[in-house]
Structure formats: C-alpha cells, structure tokens
Amino acid sequence: MNAVVEFQQYSNASFEQVRTRFDEEYGVMWSFMRPEPRPCFTKTTLQDLLQHHTYLESMKGRVVSNGNFQQTNYLILASDLQGVFNLGGDLAAFGKAIRTQTRKELLSYAKLCIDNVWTFYNLQAPITTISLVQGQAMGGGFEAALSAHVMIAEKSALMGLPEVLFNLFPGMGALSFLSRKIGMQAAEAMVRSGKIYTATELHEMGVVDVLAEDGQGEKALYDWIRKNHRSLNSFQAIQRAKQRVNPLTVEELYEITEIWVDAALRLSERDLKIMERLIRAQNRKVTEQAPVMAEQAIA
C-alpha cells in the first residue's frame with residue numbers, strides 16, 4: 001500500500017513560484033501560479049507545478065491534512081496575480097535561444113511545458129482538473145487552461161494565441177486540445193488569426209465550460225463542485241471514455257513541439273523584434289494592472 005503524504009510537504013516553502021491550498025470539505029487542491037520576474041511560464045514555475053502535480057498523481061491524490069487522511073478530488077490551476085492568469089511562454093528565454101541557435105535549450109523548455117499539460121490532462125489518479133481563468137491567458141497560458149478537464153472563466157477574462165503575430169504558432173497543445181473541443185477547422189482558424197477572445201465568446205464556442213461573473217470565479221467553481229460532486233465518479237469515468245473515443249497521446253504533443261522548435265529557430269530578426277515588444281508588454285504587467293492586449297504590444 002502506498003504511503004500517504006503529509007500535507008506539510010505541500011507548504012509554500014516547498015515551491016518558489018507556486019502557492020498551494022487544500023480545502024478539506026470537497027477535497028480541493030489549489031495550485032496558484034506566481035511567476036517572477038514576468039507573469040509567464042518561467043522554468044521555475046513549470047518545475048514547481050510539475051513536481052506538485054506528479055507527486056499528487058503518484059499518491060493517487062492522497063494527502064494528510066490536519067492529521068487526517070484526505071482525498072484530493074479536484075486539482076485547480078489558478079493565478080495569484082490580479083488581472084493575469086498567465087501570459088504564456090518565456091519569450092526572453094526563447095529569443096536568447098533562437099539568436100544563439102541553441103536547439104537543445106528550446107526543446108528542453110518545450111518538453112517541460114508538454115510534461116505539464118499532459119500531466120494535467122491525463123492525470124493518473126481519481127482527480128478532476130479545473131482551470132480557473134481570471135484575467136488574461138495568452139499563448140501557453142491559454143494552452144495550460146485548455147488542458148484541464150473543466151475550464152471556468154470570468155466574463156472579463158481574455159484569451160488568445162498571439163504567436164502568429166511573430167510568425168510562429170502555439171506548439172504546446174493548442175491545436176490538440178482545441179480540435180478535440182471545437183473541431184480542427186475552428187481550432188486552426190483560432191491559431192491562424194492571433195485574435196484575442198473574450199471569455200463570453202469562448203463560452204459560446206464551447207471552449208469555456210463555465211462562465212462566471214467578474215470577481216465570482218471561485219464562487220462559480222465551488223458552485224460547480226457542489227452541483228456535480230455526488231456524480232463525481234460518473235463524471236470522471238465519462239472523461240476517461242471521451243479520451244478513449246478521441247484519444248490524445250503524449251507522443252502527439254512531443255512531435256508537435258519538435259515542429260515548434262524547428263519553426264522557432266527559423267524566425268527572422270524582425271520576428272524577434274516583435275517578440276521583444278511582447279516581452280516589454282509582459283514586463284508592464286508586473287507594475288501595471290491595466291489590461292495589455294497583444295495587438296497593442298505590436299502596434
């Protein structure tokens with residue numbers, strides 16, 4: 001029989017850029033992202049998330065909280081940063097690796113991203129994964145939110161895949177997850193457009209599962225849990241069945257990210273300059289809470 005993890009091992013001291021919280025009533029484990037120095041997927045954030053989630057997976061969701069055995073039934077991906085869920089990939093690291101043509105570094109980062117979204121999507125434990133999007137989720141941030149079994153978003157949330165604006169494409173799961181939700185034609189149109197969508201638009205398209213009023217995201221999440229908790233076993237079984245009917249493999253994700261790496265290494269100096277403008281927009285989010293649209297960043 002597997003040992004049970006002491007909940008203290010999930011204390012904030014365990015991670016540099018992720019804060020955790022466990023709510024006992026329904027067995028809800030939270031992963032709040034708080035990346036530094038920019039609100040994007042730094043390697044540290046990715047490593048913290050992967051450590052947390054794979055450990056939960058290895059323990060089949062079992063933890064000890066306040067001295068009692070508890071089961072994690074729901075794993076939530078959320079943000080500690082007001083107005084931002086996550087702005088996506090570490091563009092500064094991308095630019096450096098592209099200029100030096102360091103394929104190994106780019107591929108290492110990309111595979112770390114895939115390991116994260118795959119674990120969240122295909123968690124080998126009786127746990128339902130939920131993304132709670134409050135604020136902006138761009139590029140890889142949107143892809144991370146898409147990897148959840150359930151996506152909840154506040155009406156003011158903005159999501160999009162701006163990579164086409166600097167001549168690239170989102171290579172960490174966007175086409176794979178979106179095509180299984182809304183079909184390949186609609187998924188490709190989203191990727192090609194670079195458009196920023198409101199949560200309401202994405203809810204109407206079937207991308208967002210639960211639409212919450214502004215400031216009520218956490219309430220909407222717990223409302224959904226209370227409504228569905230009695231049929232949790234059924235919900236999780238149906239989720240597994242859906243993944244069998246329209247299967248996604250980690251090999252598919254890895255192969256697509258190899259395509260992404262090769263395409264990234266072909267970017268021109270002009271493309272990299274546009275990427276640098278987006279980096280400056282990400283930096284402004286650290287000191288400003290006003291929304292920054294991807295289109296404005298390249299104007």
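Strand E10 and strand E13 (residues 210-212) pair in the parallel sense over three bridges, with Ala153 standing opposite Leu211 in E13. Pairing requires that DSSP find at least two bridges between two strands; helices (H or I, at least four residues) and strands (E, at least two) are DSSP runs numbered from the N terminus. The model is predicted, so that local features need pLDDT of at least 70 and side-chain atom pairs count only at pLDDT 80 or more, whereas totals for chains, interfaces and linings use all residues. Residues are numbered from 1 along each chain as its sequence is written, and side-chain values use heavy atoms, with hydrogens and water left out.

E10 (residues 150-154) also pairs in the parallel sense with strand E8 (residues 128-133), over four bridges; here Met151 is the bridge partner of Ser131. Five of the five residues of E10 are buried, that is, under 20% relative accessible area, with exposed set at over 50% and partly exposed in between (1.4 Å probe, protein chains only). Val150, Ile152 and Glu154 point one way from the strand, and Met151 and Ala153 the other way. In a regular strand the side chains alternate between the two faces of the sheet.

Met151 is among the residues with the most contacts inside the largest nonpolar core, which has 74 residues; the others are Leu106, Val133, Phe142, Met159 and Trp260. Such a core is a set of buried Ala, Val, Leu, Ile, Met, Phe, Trp, Tyr and Cys residues joined through side-chain atoms within 4.5 Å. Helix H3 (residues 103-121) provides the largest share of this core, eleven residues. Apart from this core lies another, of 19 residues, including Trp30, Tyr74, Ile130 and Leu132. Not counting residues up to four places away in sequence, Met151 touches Ser131, Val133, Phe142, Ala145, Leu146, Met159, Val207, Val208, Asp209 and Val210, a contact being heavy atoms within 4.5 Å.

Asn228 is found in helix H8 (residues 217-228) and counts as buried because its relative accessibility is 17%. The side chain of Asn228 reaches the backbone oxygen of Trp224 at 2.8 Å.

The second largest cavity is lined by Ile114, Gly171, Met172, Gly173, Ala174, Leu175, Ser176, Leu253 and Ile256. A cavity is a set of points, on a 1 Å grid over the protein atoms alone, where a 1.4 Å probe fits but cannot get out; lining residues have an atom within 4 Å of a point. Helix H5 (174-182) and helix H10 (250-264) are the elements that give two or more residues to this lining, and H5 contributes the largest share, three residues.

Methods:
A polar contact is a pair of N or O atoms within 3.5 Å; within protein, one must be able to donate a hydrogen and the other to accept it, and residues adjacent in sequence count only if both atoms are side-chain atoms. On a 1 Å grid over the protein atoms alone, a cavity is a set of points where a 1.4 Å probe fits but cannot get out, and a pocket is an open set with protein on both sides within 12 Å along at least five of seven lines; lining residues have an atom within 4 Å of a point.
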